[in-house]
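Dear colleague,

Please find below the structure that I am handing over to you. My notes on what was found in it follow directly after.

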Amino acid sequence: MRRWFGNDWNWVVAGLVAAIVVPVLSFVFLMPVLVAAGIGAFVFAGLVFLLAPRRLFDGLDEKTIGRGRLEFVRELMAVAVPAAERLEAAAGRITDKPTAARVEHLAEIAADVFAKLEADPQSVGAVRRFLSYYLPRAAEVAEGFAVIEAKRAPDSKQLQEVGGVLVKLEDAFVHYADSLVDEQLDSLNTDLRLIQASLKEDLER
């Protein structure tokens with residue numbers, strides 16, 4: 001299962017460790033129960049803090065990027081990340097292997113877009129519609145396929161229709177993921193032109 005931003009696994013781990021620490025201190029090291037419980041609470045609080053999932057885009061300079069833009073990206077991700085999680089869950093419920101693989105691929109592309117966007121939040125304009133529209137709709141379509149497939153007598157025509165939409169969505173996902181790379185290539189092409197102009201000027205002197 002892919003780890004998405006904002007999971008609360010730190011609370012689970014901290015609770016398990018604290019639940020082990022308290023009886024060990026009490027019965028093995030013969031500490032008073034209240035002392036052991038106090039140490040357990042300290043361990044729990046420390047682990048919750050140390051293992052807390054970082055907030056998306058933490059560490060980036062808000063002054064450089066713009067606080068408003070950063071919050072805008074976070075708002076989009078608040079919708080997009082749960083949709084990506086739903087995609088992955090739907091892939092696990094779909095029994096048709098090609099369709100399940102396609103839905104899993106959609107989730108992988110979403111993760112790739114998230115990573116690229118975190119590296120460069122200012123490129124959000126290229127994938128705004130992907131995050132706010134196509135990703136949530138893809139989750140709905142994938143879940144719909146799983147629901148239809150789970151019927152005792154699934155409608156093969158309906159499955160084919162929904163599967164066809166997933167194929168087109170895969171094309172759209174690839175398009176938007178590549179659009180982030182295209183933005184970087186545009187910058188590279190500009191740099192290359194400037195370098196070539198400088199080289200030509202310097203070498204002709």
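The side chain of S179 reaches the backbone oxygen of Y176 at 2.5 Å, a polar contact (a pair of N or O atoms within 3.5 Å; within protein, one must be able to donate a hydrogen and the other to accept it, and residues adjacent in sequence count only if both atoms are side-chain atoms). Please note that this is a predicted model, in which local features need pLDDT of at least 70 and side-chain atom pairs count only at pLDDT 80 or more, while totals for chains, interfaces and linings use all residues. Residues are numbered from 1 along each chain as its sequence is written, and side-chain values use heavy atoms, with hydrogens and water left out.

S179 belongs to helix 7 (residues 156–203); helices here are DSSP runs of H or I with at least four residues, numbered from the N terminus. With a relative accessibility of 14%, S179 counts as buried, where buried means under 20% relative accessible area, exposed over 50%, and partly exposed in between (1.4 Å probe, protein chains only). Apart from its neighbours within four places in sequence, S179 is in contact with A126 and V127, contact being heavy atoms within 4.5 Å. The C-alpha atoms of S179 and V127 are separated by 7.7 Å, although the two residues are 52 residues apart along the chain.

The side chains of T99 and D96 are joined at 2.5 Å. T99 is buried, at 8% relative accessible area, and touches I94, F145 and L166 when residues up to four places away in sequence are not counted.

Turning to charged pairs, the structure holds five salt bridges, a salt bridge being a side-chain nitrogen of Lys or Arg within 4 Å of a carboxyl oxygen of Asp or Glu. Three of them are described here.

- E71 and R74 meet through their side chains at 3.0 Å, N to O. Both lie in helix 4 (residues 67–93), three residues apart, about one turn of the helix. E71 is partly exposed, at 26% relative accessible area, whereas R74 is buried, at 11%.
- D112 and K116 meet at 2.7 Å, N to O. Both are placed in helix 5 (residues 97–119), four residues apart, about one turn of the helix. D112 is partly exposed, at 33%, and K116 is also partly exposed, at 23%.
- E143 and R86 meet at 2.8 Å, N to O. E143 lies in helix 6 (residues 128–149) and R86 in helix 4, so this pair ties together parts that are 57 residues apart in sequence. E143 is partly exposed, at 22% relative accessible area, and R86 is partly exposed, at 31%.

Finally, which residues have the most contacts inside the largest nonpolar core? They are L87, F114, F130, L131 and L135, in a core of 40 residues. A nonpolar core is a set of buried Ala, Val, Leu, Ile, Met, Phe, Trp, Tyr and Cys residues joined through side-chain atoms within 4.5 Å. Helix 4, helix 5, helix 6 and helix 7 are the elements that give two or more residues to this core, and helix 4 gives the most, with ten residues. Leaving aside neighbours within four places in sequence, L131 is in contact with several residues, including L76, M77, V113, F114 and P136.

Yours sincerely
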